[in-house]
Amino acid sequence: MYYDLIASLPHLPHFLSAEHCPITPLRLRQRLGLLRPGDAELLQRVWPLVQWRGDGLAIESDHVITERYRQLVESPVPGPLRGYLDYRMTQQTLLAALRRKQAAMGPPATALFADSSSPIHQISRNWEKPDFGLANVYPWLTGASDQLASGDALGLEQTMVELNWRWLSRMADQSVFGFAAVVSFVFKWDLLRSWLANDSAEAKQRFQKLIDRVTHVAD
């Protein structure tokens, strides 16, 4: 448990109501110094794969992303963190597939998920169906597809941030003073910082960059 660390972290306001980020990157890094070495190392391995802006991953590093993900899921990862990692990667893969379809491209040749039972594998099988036949599993897909088609980049980003914010809030609720709560804070802080840096033009450019990168990764 991380009683002292959690108690030292400020309250994070919801991203839509926040006016500023309540803790600087330097202060956050200092607080994270209280993590046990194994947890700190795991956080540093997962963060580049789920961070909102993805600044730590160059567009040419698709093989690196896939390999990092494979290595992570093959190593011991606490259930809540593994769940969020899969959720985020699935979300990015689905968005990339929507973008490819709207650009009249074919389905990705390979998927990040080796498990053939994963709903992700339905993308190729159901490529011609609306939302790949997955709207019942991922209800946000239909709205995201409409926002993508209309060029509503900021609206789409808000939708995605909200989904991730809710997921991370539920994850923290499962272990109020545990590692999952620390991870939830860090990733929500990343979402908040990115959202506060938004303007419509920048969001559109950044989101296009993200989609292009993920499309490249999914090839």
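This is a predicted model: local features need pLDDT of at least 70, side-chain atom pairs count only at pLDDT 80 or more; totals for chains, interfaces and linings use all residues.

How do the residues of the lining of the second largest pocket divide into nonpolar, polar and charged?

Mentor: Eight of the lining residues are nonpolar, three are polar and two are charged.

Two elements give two or more residues to the lining, namely helix H8 (153–173) and helix H9 (179–196). H9 has the largest share, with four residues. As for how one finds such a space at all, rolling a probe the size of a water molecule over the atoms shows where empty space is left.

Now hold on to H9, which turns up again in the largest nonpolar core. H9 gives the most to this core, twelve residues. The core has 60 residues, and Trp-140 and Phe-187 are those with the most contacts inside it. Besides H9, the elements that each supply at least two residues include helix H1 (3–8), helix H2 (25–32), helix H3 (37–50), helix H4 (62–73) and helix H5 (79–102). Helix H7 (140–150) and H8 are also on that list. In soluble globular proteins, nonpolar side chains tend to be buried together.

Leaving aside residues up to four places away in sequence, Phe-187 touches Leu-43, Val-46, Trp-47 and Val-50, along with Leu-81, Tyr-84 and Leu-168.

Of its 219 residues, 48% count as buried. Among contacts with a separation of 6 or more, 72% are between residues 24 or more positions apart. The protein exposes about 10,800 Å², and carbon and sulfur atoms supply 54% of that.

A couple of residue pairs are handy for getting your bearings. Leu-95 lies in helix H5, and it counts as buried because its relative accessible area is 5%, under the 20% cut-off. Ser-8 is in helix H1, and with 26% relative accessibility it counts as partly exposed. The C-alpha atoms of Ser-8 and Arg-31 are 7.4 Å apart, while along the chain the two are 23 residues apart.

Finally, check two spots in the loops. Most residues other than glycine have a negative phi, and most peptide bonds are trans. Ala-104 is not a glycine, yet it has a positive phi of about 60°. Ala-104 lies in the loop between H5 and helix H6 (122–125), and at 71% relative accessibility it counts as exposed. Asp-131 also has a positive phi, near 55°. Asp-131 sits in the loop between H6 and H7, and it is buried, with a relative accessible area of 13%.

Definitions and conventions
Residues are numbered from 1 along each chain as its sequence is written. Side-chain values use heavy atoms; hydrogens and water are left out. Buried means under 20% relative accessible area, exposed over 50%, partly exposed in between (1.4 Å probe, protein chains only). Contact means heavy atoms within 4.5 Å. Accessible areas come from the Shrake-Rupley method with a 1.4 Å probe; for residues, only the protein chains shown count as cover. Ala, Val, Leu, Ile, Met, Phe, Trp, Tyr, Cys and Pro count as nonpolar, Asp, Glu, Lys and Arg as charged, and the others, Gly among them, as polar. A nonpolar core is a set of buried Ala, Val, Leu, Ile, Met, Phe, Trp, Tyr and Cys residues joined through side-chain atoms within 4.5 Å.
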